Amino acid sequence: MQNMNKVKSADIELKDKLVAVNRVTKVTKGGRTFSFSAIVVVGDENGVVGHGLGKAKEVTEAITKGIDDAKKNLIKVPIYRGTVPHAQKGKYGGANILLKPATEGTGVIAGGAMRAVLESVGIHNVLAKSQGSSNPHNVVKATIDALAHMRDVSSVARQRGITVDKVFNG
């Protein structure tokens, strides 16, 4: 069951992180036309994260468009003691990622695109591995997919129809 906790960006303070900027060239009979695409991650570092893609003739304009797009795609992620509640795999396109909970003091063990997403969501201790494609677009989307499938203890107990204590001891 996917975590469908969509969040509105109006009432929270979001910080943005630029993941990648790509220069795209279009060849016409008049010469080469350059444009830029930017993938951006926004989050409040307290369980809310989103990603967006912006395209424009200027880099700053592309980043601004990416931020606006990211604010439209926010999700709420459960965080347990600064890490993820359980191990989770995520997939998008050719990118496969694995997130595992880590003990206090471990830090964020993750590569570039994945690190930006995990830091934006507010996870401080996690073990992460990216397998397959290293394309930043797909890695960001696979990480968001894994985070969207995270479940906290209370939701698991509610779904099973038991108490929170029975989830751990039952």
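How much space lies in the second largest pocket? The second largest pocket holds about 200 Å³. The model is predicted: local features need pLDDT of at least 70, side-chain atom pairs count only at pLDDT 80 or more, and totals for chains, interfaces and linings use all residues. Residues are numbered from 1 along each chain as its sequence is written, and side-chain values use heavy atoms, with hydrogens and water left out.

**View 1. Overall arrangement of the protein chain.** The protein chain contains 5 helices and 8 strands (DSSP runs numbered from the N terminus, H or I of at least four residues for helices and E of at least two for strands). Their order from the N terminus is β-β-β-α-β-β-β-β-α-β-α-α-α. Along the principal axes, the C-alpha atoms fill a box of roughly 70 × 35 × 30 Å.

**View 2. The second largest pocket.** The volume of about 200 Å³ is the space filled by probe spheres set on grid points joined across faces, edges and corners. Among the 11 lining residues, Y80, P85, R151, D152 and V153 are the closest to the centre of this pocket. Helix 4 (153–160) and helix 5 (164–169) each give two or more residues to the lining. A pocket is an open set of points on a 1 Å grid over the protein atoms alone, where a 1.4 Å probe fits, with protein on both sides within 12 Å along at least five of seven lines; lining residues have an atom within 4 Å of a point. The lining comprises 8 nonpolar, 1 polar and 2 charged residues (nonpolar: Ala, Val, Leu, Ile, Met, Phe, Trp, Tyr, Cys and Pro; charged: Asp, Glu, Lys and Arg; polar: the others, Gly among them).

**View 3. The crossing of helix 2 and helix 3.** The axes of helix 2 (residues 112–121) and helix 3 (residues 136–148) come within 8 Å and cross at roughly 40 degrees. The crossing is right-handed.

Conventions
Axes fitted to C-alpha atoms, helices over the stretch in contact; angles between N-to-C directions. Left-handed = near helix turned anticlockwise from the far one by under 90°.
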